[in-house]
Amino acid sequence: MSAQGAAKYGVRLVIVLALLCAARTASAQADEFFDDSTVHDLRLTLNSKDWSALKQNFKENIYYPASLQAQGVTVPNVGIRSRGLGSRSGTKPGLRVDMDRYNANQTFLGLKSFVLDNLVQDPSMLRERLAMAFFRRLGLPAPREAHARLFVNGTFVGLYAIVETIDKGFLGRSFGHDSHGGTENDGYLFEYDYTREYRFENLGSNYDDYKIFNPKTHENDAAAKIWGPIVDMVKAINDTPDSIFEREVSTYLDLTMFVNHIAIEAFLAEDDGILGYAGMNNFYFYRFEDSKRSQFLAWDKDNTFHSLDFDITKGVNENVLARRTLAQPQYRNRFFQQLIDAANSAMEQDGEGNSKSGPGWLEREVTRMSAQIRSAGMADNLKPFSNNEFESSMNDLLIFSRERADVVKAQVSQRR
Amino acid sequence: MRLTSLCLCLITLLPGVAAAQDVRFPPPSLRAGEFRIDLRTRFHFDVRGLDSDPVGKDDFIWRRARVAIEGRIYDDLEYEVDTELRDTEHPWRDVFLNYRRFNAAEVRGGKFKVPFGRDQLTSVFGNSFISRSLIGAQLSPGRDIGVMVHGRLGGGKMNYSGGWFDSDGDNVQFSEDLEQNEFEAAPVDGLLAGRVEFAPWEATRGLARRLHFGFDATGGDVAPGLFGMRGRMTDGFVFFEPVYVSGRRLRLGVDGLWTPGPFSVQAEYNRVSDQRNGQGLGDVDLPDVIVQGWYLAGTWVVTGEGKSGGVEPRHPFPLHGAGAFEVVARIEEMRFGSAGTGGEPPFTNPRAANILPNRDRALTLGGNWYLNRFGRVAFNMVRESIQDPLRSPLPDRTTFWSGTLRLQFVM
């Protein structure tokens with residue numbers, strides 16, 4: 001290699017290393033932003049008229065400009081809007097914060113956006129964060145979360161959960177490399193938009209009927225490219241004979257991951273998830289690059305920890321995909337095994353040689369998080385429940401965390 | 001298909017026009033003592049193709065169908081009532097009385113054009129181009145209700161007009177193009193406007209005789225809100241959304257026109273500044289938002305007719321010749337931004353201290369075939385380029401072509 005060639009190669013190497021370092025630094029800073037060992041302080045500065053307008057028009061997705069201060073960084077001109085379905089509130093609005101709304105290149109600690117969950121559907125204000133931590137603990141991709149005190153124009157407006165947005169950054173972090181050695185984040189990402197009860201029944205071949213799968217990437221592609229594989233998947237779920245069900249449906253879905261997902265939701269007594277009481281709800285759906293295969297991603301877990309004796313198979317028979325998948329012995333076994341794994345994980349002792357009768361992981365987390373958010377939660381005057389209800393609900397979670405594992409194990413042994 | 005339809009329209013239109021120019025009757029007029037009523041009718045029919053709109057929703061359009069009466073009551077009082085038949089929501093165009101006892105100080109009251117902008121003040125039926133310039137259509141106020149004093153001084157070397165108007169004109173609210181969207185009017189509580197125009201060599205016989213310069217300004221206070229100017233391409237696409245403004249809106253303009261023989265050269269520059277008091281994040285004041293633009297236009301009547309005062313063919317079509325032919329070209333630009341950065345990088349949001357600029361630059365090439373004094377066929381090709389690809393009609397494209405063929409009938 002000539003000296004000139006070596007110099008050129010050296011410069012390229014330095015640039016690549018610098019970019020890698022920058023990416024690593026941003027990622028490390030984002031980790032700090034989602035560090036759940038502390039309650040963060042977030043400050044938004046808006047024009048006073050805009051904050052009033054946002055609260056007044058809370059049912060609409062109108063963006064308002066704001067500046068964000070967090071982690072010692074000020075990000076000017078971010079876009080914020082009201083968000084949520086049942087959690088929309090004009091008193092304590094849930095917010096989506098988009099860094100790149102008004103400048104396509106702007107990020108905050110490497111993030112393009114995040115969500116501020118107003119926690120108005122959960123008197124304990126813990127369920128969302130706790131559930132996502134449990135998903136991650138069991139190896140399923142789920143948003144990182146932490147609690148935060150939110151100040152708007154200098155006034156404390158409540159305790160919120162910072163929720164990582166499911167976007168390309170999340171996908172890259174969760175799925176790592178694709179088959180070409182690049183980052184696996186350029187597939188088709190959908191948010192499931194709940195509009196009515198739906199449980200994977202065959203809706204026919206009209207793409208419009210599948211727009212409940214709301215594309216978040218490749219939005220401008222042809223409808224056939226966006227929804228075609230979903231239409232084919234639903235057809236396969238409904239029409240394939242049992243004998244070839246696994247082979248056919250596995251073309252479109254990682255069935256093991258699906259079973260793991262619904263098993264964790266069942267352990268967490270999630271009544272508004274994939275097997276929800278009113279049809280499917282609260283998930284994202286990601287179709288991998290250059291593939292027909294997709295995976296469910298957990299989202300919005302405010303309604304978990306529904307009740308201690310929540311039936312682990314609730315909703316299975318109503319949902320076509322769950323019913324037909326769990327009719328296959330290997331997936332039925334996988335479902336029960338994942339429930340046992342979840343129970344064991346929830347009860348896992350700390351690694352410091354404490355006695356087996358000590359609190360399990362889930363109980364320790366509930367105790368830690370409750371202590372962490374108690375004072376901010378009490379000070380939150382805009383939450384739609386009393387401080388007694390807040391305290392009582394945290395206590396319910398504590399009981400759940402202690403006893404749910406045994407209840408689940410008992411249900412598994414009865415039904416296996 | 002388009003060509004066939006156009007030919008059918010021409011065949012239908014031309015015999016009537018030919019008959020009209022042969023007989024050479026004046027427009028219908030009624031006189032009763034000191035009272036006179038003249039009837040005027042004017043029509044525009046367009047065939048348009050838009051590169052930015054592949055669906056082609058605007059193929060054939062009756063663009064304008066105007067009927068007006070105008071005349072005098074006694075010798076000193078003029079009136080005009082002009083209505084657009086296609087516009088059911090805002091049918092009234094010019095509706096005014098003009099007291100003309102003194103040439104040096106006439107008084108006009110009613111609804112008419114605010115005296116700002118040479119292009120805007122030229123009738124769209126007398127304009128050499130199918131569409132007004134970007135600044136003429138959008139930065140000039142257009143029509144409003146008001147009172148104005150105007151007159152001629154120095155033997156015609158200077159014309160002036162100045163007055164008070166109710167609001168900021170209708171151009172900020174809706175376009176002359178009825179196919180385009182209507183917008184909320186900026187609440188301006190009174191607008192002062194004035195224009196002076198000089199023709200310093202009016203009395204001479206040289207080439208400079210037809211040289212005119214104009215200077216104009218308007219000022220008014222805009223109520224707080226999302227009432228900044230918006231930037232529209234010629235097809236109506238909004239490439240710059242309004243920003244929050246509050247305080248003084250100041251328009252300044254300068255223009256020139258030279259019409260030596262069959263040629264014309266016209267240029268204009270307009271600048272609009274809007275204050276943004278208390279409109280920032282945390283209610284801070286922001287640097288003014290600035291909209292500015294210019295155009296340079298040239299025309300040549302290749303058959304030699306004089307341009308000044310409008311082209312009237314020496315050999316009207318079809319009985320006495322082929323009419324008159326004119327080629328036209330215009331280059332123009334309109335850009336949006338802020339007067340300062342506020343120490344921030346640029347953003348597109350409506351409360352950004354440093355507004356991410358965007359501009360539309362357009363080149364228009366075309367021609368006019370003046371059939372006779374009643375009919376005209378015009379064709380314009382427009383190439384527009386938008387600076388910011390994220391705020392252009394189609395993702396990742398910045399350059400667009402459009403073409404329009406127009407049939408005009410005026411009597």
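View 1. Strand E6 of chain B is joined to strand E7 (residues 143-153) of chain B by eight bridges, and the two run antiparallel. Helices (H or I, at least four residues) and strands (E, at least two) are DSSP runs, numbered from the N terminus, and two strands pair if DSSP finds at least two bridges between them. Glu106(B) has His150(B) in E7(B) as its bridge partner. Strand E5 (residues 92-99) of chain B is also antiparallel to strand E6 (residues 106-113) of chain B, through five bridges. These two strands, E5(B) and E6(B), form a hairpin with six residues between them. Strands of a sheet pair through backbone hydrogen bonds, either parallel or antiparallel.

The model is predicted: local features need pLDDT of at least 70 and side-chain atom pairs count only at pLDDT 80 or more, while totals for chains, interfaces and linings use all residues. Residues are numbered from 1 along each chain as its sequence is written, and chains are lettered from A and ligands numbered from 1 in the order in which they are written.

**View 2. Gly219(B) and its surroundings in chain B.** Gly219(B) is in strand E10 (residues 211-225) of chain B. Is Gly219(B) buried or partly exposed? Gly219(B) counts as partly exposed because it has 15 C-beta neighbours inside 10 Å. The cut-offs are 20 or more other C-beta atoms within 10 Å for buried, 12 or fewer for exposed, and the range in between for partly exposed, with C-beta atoms placed from the backbone. Leaving aside residues up to four places away in sequence, Gly219(B) touches Leu192(B), Arg248(B) and Leu250(B); a contact requires C-beta atoms, placed from the backbone, to lie within 7 Å. The C-alpha atom of Gly219(B) is separated by 9.0 Å from that of Leu252(B), 33 residues apart along the chain. Over chain B, with its 411 residues, buried residues make up 37%. The secondary structure of chain B comes to three helices and 19 strands. Of the contacts in chain B with a separation of 6 or more, 61% are between residues 24 or more positions apart.

**View 3. A cis peptide bond in chain B.** The peptide bond from Phe317(B) to Pro318(B) is cis, with omega near 0°. Pro318(B) lies in the loop between strand E15 (286-301) and strand E16 (324-338) of chain B. Most residues other than glycine have a negative phi, and most peptide bonds are trans.

**View 4. Two loop residues of chain A with positive phi.** Leu119(A), although not a glycine, has a positive phi of about 60°. Leu119(A) is placed in the loop between E5 and H3 of chain A, and counts as buried because it has 27 C-beta neighbours inside 10 Å. Phe200(A), also a residue other than glycine, has a positive phi near 70°. The loop between E8 and E9 of chain A holds Phe200(A), which is partly exposed, with 19 other C-beta atoms within 10 Å.

View 5. Strand E8 (residues 188-192) of chain A is joined to E9(A) by three bridges. Phe190(A) has Pro215(A) in E9(A) as its bridge partner.

View 6. Chain A is divided into domain 1 (32-168) and domain 2 (169-346), with bounds from an automatic or database domain assignment. Their contact takes 24 residues from domain 1 of chain A and 24 residues from domain 2 of chain A. Helix H3 (residues 127-137) of chain A gives the most to the domain 1 side, with seven residues. Eight of the 11 residues of H3(A) are buried, among them Arg127(A), Leu130(A) and Phe135(A). After H3(A) comes Gly139(A), with a positive phi near 85°.

Key. Contact = placed C-beta atoms within 7 Å.
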